[in-house]
Amino acid sequence: MTADAASDDLAALDDGALVARAIAGRQVAFREIMRRHRDPLYRLVRGHVGDADEALDLVQDCFATAWRHLGRFDQSRPLRPWLARIAINRARDWHRRRALRRLVGFGVGREEEAVPDEAPLPDIVAGARIDLERVWAAITRLPERLRETLLLRTVNGLSQMETAEALKISEKAVETRLYRARVQLVAMLGEG
């Protein structure tokens with residue numbers, strides 16, 4: 001069997017079967033998990049941290065954490081909410097470290113870390129690109145609980161039940177938070 005045929009076979013497996021194979025030592029199965037979930041995780045983390053490069057690093061960290069703790073995953077449950085929970089935790093850790101660096105830097109007389117300009121470079125100016133950056137910037141300003149819900153449901157496409165599971169809240173709380181996130185997002189985008 002060729003590598004392409006093996007890859008096709010893995011693509012047909014569900015996440016639980018891939019996890020079982022990865023736990024059994026088949027790293028190629030975990031590569032399929034990464035291929036399947038990297039884009040949704042990237043969008044989730046990107047929405048949390050607001051920086052594309054940092055988001056790439058954090059997604060790699062998410063997969064490293066998932067690999068280390070794969071044995072803890074309940075294979076009868078959906079994998080995406082479990083990975084989303086890891087991603088949210090990594091993004092929260094990133095925010096805490098960043099806040100601590102600013103505090104420590106401020107306390108010893110160092111200048112506060114410069115805030116990167118979210119505006120696109122002049123040679124990239126295009127209407128759609130500018131609008132997209134404005135939306136990402138507005139999403140990062142939402143309160144954490146609203147941002148997480150919006151990203152999981154709208155950007156990553158998790159169901160209401162999967163979002164509730166990932167955030168450890170009720171499905172009704174997901175619905176309420178999603179509504180509030182959308183209202184605040186529309187208000188913020190209207191200000192700009």
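Which residues are buried in helix 8 (residues 160-167)? Keep that in mind while the tour goes through the whole chain and then back to this helix. The model on screen is predicted.

**Whole chain.** Select the protein chain and colour by secondary structure. The chain has 9 helices and 0 strands, so that, reading from the N terminus, the elements run α-α-α-α-α-α-α-α-α. Now show the surface. The accessible surface comes to about 11,200 Å², and carbon and sulfur atoms account for 53% of that surface. Of the chain's 192 residues, 35% count as buried. Among contacts between residues at least 6 apart in sequence, 61% join residues at least 24 apart.

**Helix 2 and helix 3.** Select residues 15-23, which are helix 2, and residues 27-49, which are helix 3. The two helices pack with their axes 8 Å apart, at an angle of about 140°. Helix 2 and helix 3 are therefore oblique to each other. Show side chains at the contact: on helix 2, pick Asp15, Leu18, Val19, Arg21 and Ala22; on helix 3, pick Ala29, Phe30, Glu32, Ile33, Arg36 and His37. Coloured by class, the contact of these two helices shows 6 nonpolar, 4 charged and 1 polar residues.

**Helix 8.** Select residues 160-167. The buried residues here are Glu162, Thr163, Ala164, Ala166 and Leu167, which answers the opening question. Then step to lysine 168, which follows helix 8. The phi of lysine 168 is positive, near 60°. The tour ends at this residue.

Key: Residues are numbered from 1 along each chain as its sequence is written. This is a predicted model: local features need pLDDT of at least 70, side-chain atom pairs count only at pLDDT 80 or more; totals for chains, interfaces and linings use all residues. Side-chain values use heavy atoms; hydrogens and water are left out. Buried means under 20% relative accessible area, exposed over 50%, partly exposed in between (1.4 Å probe, protein chains only). Helices (H or I, at least four residues) and strands (E, at least two) are DSSP runs, numbered from the N terminus. Contact means heavy atoms within 4.5 Å. Accessible areas come from the Shrake-Rupley method with a 1.4 Å probe; for residues, only the protein chains shown count as cover. Axes are lines fitted to C-alpha atoms, for helices over the stretch in contact, and angles run from 0 to 180 degrees between N-to-C directions. Angles under 35 degrees count as roughly parallel, over 145 as roughly antiparallel, 65 to 115 as roughly perpendicular and the rest as oblique. Ala, Val, Leu, Ile, Met, Phe, Trp, Tyr, Cys and Pro count as nonpolar, Asp, Glu, Lys and Arg as charged, and the others, Gly among them, as polar.
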